[in-house]
Amino acid sequence: MEEQRTCGKGLAENSALPAKVGKLIDSMAEILEIHIEALDLQDDSRREHEAYRELVSDHRRIAARLDETARRMAGYRDLPMGRHEMSAMSSPKAVEALEKFVELEDELSAMLQKRREADRKMLAEMSGTTGS
């Protein structure tokens, strides 16, 4: 017997997205922090230092909120199924919203793939394993 699909279970399944994005944002904050450590504050790097410091703070705050949201979404797994107006669930507005979401998923996937290639190249250069 197949388990009933509910909105609560859907929320719990979809919690992986904000959880993973939060981890990615937090990882970017770590990279920015390490960059700060590399700055020589004896020259003109103070403005860059301040900019990075603010961005680290922003990224940490965003990551924490995404993690909190993901945990809350996952916590709704057993949310009782409410009655739904099915015409609203398949309305042009609902279809347009899902189409926009899928389009953004495609754009994000392409952006991440492009970044991943550049980041892997940079990683190889940093670790001295450039083997072309």
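**Salt bridges and pockets in a predicted model**

Arg71 counts as exposed, at 53% relative accessibility (buried means under 20% relative accessible area, exposed over 50% and partly exposed in between, with a 1.4 Å probe and protein chains only). The structure is a predicted model, in which local features need pLDDT of at least 70 and side-chain atom pairs count only at pLDDT 80 or more, while totals for chains, interfaces and linings use all residues. Residues are numbered from 1 along each chain as its sequence is written, and side-chain values use heavy atoms, with hydrogens and water left out.

Arg71 forms a salt bridge with Asp67, their closest N and O atoms being 3.2 Å apart (a salt bridge is a side-chain nitrogen of Lys or Arg within 4 Å of a carboxyl oxygen of Asp or Glu). Both residues lie in helix H3, 4 residues apart, or about one turn of the helix; helices are DSSP runs of H or I with at least four residues, numbered from the N terminus. Asp67 is partly exposed at 34% relative accessibility.

By this rule, 7 salt bridges are counted. One of them pairs Asp26 with Arg60, with 2.5 Å between the closest N and O atoms. Asp26 lies in helix H2 and Arg60 in helix H3, so this pair ties together parts that are 34 residues apart in sequence. Arg60 also meets Glu33 in a salt bridge (2.6 Å, N to O), which links Arg60 in H3 with Glu33 in H2, 27 residues apart. Asp26 is partly exposed at 31%, as is Arg60 at 29% and Glu33 at 32%.

On a 1 Å grid over the protein atoms alone, a pocket is an open set of points where a 1.4 Å probe fits, with protein on both sides within 12 Å along at least five of seven lines, and lining residues have an atom within 4 Å of a point. Its volume is the space filled by probe spheres set on the points, which are joined across faces, edges and corners. Of the 21 residues lining the largest pocket, Leu24, Met28, Leu112, Arg115 and Asp119 are the closest to its centre. Helix H5 (92-127) gives the most to this lining, with 13 residues.

The second largest pocket has a volume of about 160 Å³. Its lining includes Cys7, Met73 and Phe101, and the largest share, 4 residues, comes from H1.

Conventions:
Helix = DSSP H or I, 4+ residues; strand = E, 2+ residues; numbered from the N terminus.
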